[in-house]
Amino acid sequence: MNFRKIPDDFLMGAATSAYQIEGAVDKDGRTPSIWDVFQTLNGDNGDEACDHYNRYQEDVAIMRDLGLQAYRFSLAWPRVNPTADQSLNKPGLDFYDRLVDELLSADIEPWVTMFHWDLPLWMQEKGGWQNREIVERFRVYADQCLARLGDRVKHWFTLNEPWCSAILGHQTGEHAPGLQLPLKDILKVVHNHLLAHGTAVEAVREFSSELKVGPVLNPWIPMPLTHSEEDILAADTAWTEHVGWWFEPLYKGEYPAQISQWWESDLPPVEEGDMELISRPCDFLGLNLYFPGFVRFKAEESPHQYEDCGKLLDLPRTEMGWQVYPPFLSYALERIHRFYSPGPIYITENGCALPDRCDELGQVHDRWRQEYLRTHIEQVISLRDVGVDTRGYFAWSLLDNFEWQYGYEKRFGLVRVDYETQERTLKGSAKWYRACLADRKLYAF
Ligand code: FCB
């Protein structure tokens, strides 16, 4: 049988983030982040998580066994800067130093995210993302991380999913810091995220011309429900609002005009030089994409004239309630490539939460996850045939972990974690991933 080849220059890896796996929240000088104090739905927290801080060697050995080429992980800002004076906490960075060396000796490239939502509590006490001072503060932190790790870490991501950090954290309140602010403040929070991204790009550029840097974005992808002209136009409007609001400042140096008109009285104060900073060219774009969106025209919705109507489609769903529809990746990536020319694209997260079934022998049967991964990777690779420059894929996640407001109930891992014993077990999907990576073929079995 002919299985799709994984191109030689297509990077295959897996991803995690600091607060979701590390535990050891008060070790070596770390102070709390906004997630340490956030009330999750079932009371879970990241105090222990996967105890990766103490078990990183075992975890790197698992990555090596899987044959990962690259590992995407994040640095915890409150480990590096536990206090507001931002004096460097050396033991905090020592941990990442050890991790990076361990990865390199296992022949795995470290791809580092500077910020994956665990904002230091001291920064939140100063207003967090609402306070523009965060931009300078982030720059100080970025410089310290680069100074210590930039000799060995060649690939850097600035912010992970600023949409979640801004909108879920400050509009819906589902994420830390759990605020529900008016539009004016939300748009300011978005602007400050974009500035922080820009300042981190600048930090990387000033550190060395050999390093590569880019953002990690998670645009909601609204597709038209039908082929009617009205629905297609509705999807275009939704795109400008949801994708354009982030991509146009980053790639064109301006907020989209149409949406700016709607929100005119709430627009953020844009200072001189802001848009240049935000739109500094990057080396690649990271995209975290899990599920599609569908919209249709609705005249009564003001001013948008569309509604989110995914619920009308009877698609399979994961444990998160997210719909599964792999072709949305083609729609998303082709448009992003065409509209914004972001350069090489990496899927920096994709995967699914499932109620994994364990048998009496401790084996985890997750054939469904395997199919989810296979069908999505297939899309990402085949887009190369039509000129979309996709360069790699990071499965979310290496390990089951702390899934934010849902705690440990949602399991995304290739590797199962028993939270009582911290025992790691390769799931069926991990063994399949290993076989694919070893033979550079996307097996279907
Ligand atoms: C993304 C986050 C990641 C994880 C996955 C399931 O939004 O970046 O930390 O929670 O979703």
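Biologist: Which residue has its backbone oxygen 3.1 Å from a polar atom of the side chain of arginine 30?

Modeller: This is a predicted model, in which local features need pLDDT of at least 70 and side-chain atom pairs count only at pLDDT 80 or more, while totals for chains, interfaces and linings use all residues. Residues are numbered from 1 along each chain as its sequence is written, and side-chain values use heavy atoms, with hydrogens and water left out. The backbone oxygen at 3.1 Å from the arginine 30 side chain belongs to valine 25.

Biologist: Which side chain is joined to that of arginine 30 by a polar contact?

Modeller: A polar contact is a pair of N or O atoms within 3.5 Å; within protein, one must be able to donate a hydrogen and the other to accept it, and residues adjacent in sequence count only if both atoms are side-chain atoms. At 3.0 Å, the partner of the arginine 30 side chain is aspartate 36.

Biologist: Is arginine 30 buried or exposed?

Modeller: Buried means under 20% relative accessible area, exposed over 50%, and partly exposed in between (1.4 Å probe, protein chains only). Arginine 30 has a relative accessible area of 6%, and is therefore buried.

Biologist: Which side chain makes a polar contact with that of arginine 335?

Modeller: Arginine 335 is also buried, because its relative accessible area is 11%. Not counting residues up to four places away in sequence, arginine 335 touches Tyr340, Trp239 and Asp236, where contact means heavy atoms within 4.5 Å. The side-chain polar contact of arginine 335, at 3.0 Å, is with aspartate 236.
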